[in-house]
Amino acid sequence: MSVPEEEERLLPLAQRWPRASKFLLSGCAATVAELATFPLDLTKTRLQMQGEAALARLGDGARESAPYRGMVRTALGIIQEEGFLKLWQGVTPAIYRHVVYSGGRMVTYEHLREVVFGKSEDEHYPLWKSVIGGMMAGVIGQFLANPTDLVKVQMQMEGKRKLEGKPLRFRGVHHAFAKILAEGGIRGLWAGWVPNIQRAALVNMGDLTTYDTVKHYLVLNTPLEDNIMTHGLSSDLVGSHKAIQ
């Protein structure tokens, strides 16, 4: 065995398999974020579905008959009537979706930046390359995640069927995957993929471009190095900026 190979075996896993490590890191971060924010997504979906179900049954009298009013009351109503853990009902397909989407787009973006487009001699990455790379990464990430996104939406729609008194179609996430596959084939898992990737391209054009610009600025103008801490700080700053907007 040669010396370089022996030295490579001693390197941390993040340096030996950088793409896989970034995929896992992005997936873990997306999982934590999804677990933290899923109750908000659930209450939003419940409010939307109860409005649609009430309109279908009662027409103009739907507003007065709605059991949930506002995000806080909706969340409290779910806790009182169904239990605290029901705030995370249906989180599994959402986690699947974010792991595939976030990991896929970050790995794709890193590959495009380092291999396809490349940096300039002064290690600068032009803005136009970042914009194109971000859009392409969003398209590829969302295309890979479309089956999980479809199942997430289908599982959320089960709540509307329950409100309307209809029987549920799926026993769980894996049953939903199997049923969609059986009824529509492989192509059925990619239903609605065109508008999904169009939205992802625009979102990631802003997200990844801003993230890369912030990270590059921190590396050049602060004592920080290009490592996991800098990646996390850049992501936090981009997230904070989006929240302010």
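Visitor: What is the average pLDDT of the protein?

Guide: The protein averages a pLDDT (the predictor's confidence in each residue, from 0 to 100) of 77. A score of at least 70 is reached by 75% of the residues. This is a predicted model: local features need pLDDT of at least 70, side-chain atom pairs count only at 80 or more, and totals for chains, interfaces and linings use all residues. Residues are numbered from 1 along each chain as its sequence is written, and side-chain values use heavy atoms, leaving out hydrogens and water.

Visitor: Where is confidence lowest, and where is it highest?

Guide: Helix α4, residues 62–65, is lowest, at a mean of 51. Helix α8, residues 173–188, is highest, at 90. Over residues 241–245 the pLDDT is below 50. Beyond near neighbours in sequence, that stretch has one contact (heavy atoms within 4.5 Å) in the model. Where pLDDT is low, the predicted coordinates should not be read in detail.

Visitor: What makes up the secondary structure of the protein?

Guide: Ten helices and zero strands. Both are DSSP runs numbered from the N terminus: H or I over at least four residues for helices, E over at least two for strands. Along the sequence the pattern reads α-α-α-α-α-α-α-α-α-α.

Visitor: Why are α6 and α9 called oblique to each other?

Guide: Take the axes of α6 (residues 91–117) and α9 (residues 193–221): they come within 12 Å and cross at roughly 60 degrees. Under 35 degrees counts as roughly parallel, over 145 as roughly antiparallel, 65 to 115 as roughly perpendicular, and the rest as oblique. Therefore α6 and α9 are oblique. Their crossing is right-handed, with the near helix turned clockwise from the far one by less than a right angle.

Visitor: Which residues of α6 and α9 meet?

Guide: From α6, Y101, R105, M106, Y109, E110 and R113. From α9, A200, N204, D207, L208, Y211, D212 and K215. The residues of this contact divide into six nonpolar, one polar and six charged.

Visitor: How do you know whether A176 counts as buried or exposed?

Guide: A176 is found in helix α8. Its relative accessibility is 0%. Buried means under 20% relative accessible area, exposed over 50%, partly exposed in between, with a 1.4 Å probe and protein chains only. So A176 counts as buried. Of the 245 residues of the protein, 35% count as buried.

Visitor: What does A176 touch, not counting residues up to four places away in sequence?

Guide: V151, M155 and F170. Among contacts in the protein between residues at least 6 apart in sequence, 66% join residues at least 24 apart.

Technical notes: Axes fitted to C-alpha atoms, helices over the stretch in contact; angles between N-to-C directions. Nonpolar A, V, L, I, M, F, W, Y, C, P; charged D, E, K, R; others polar.
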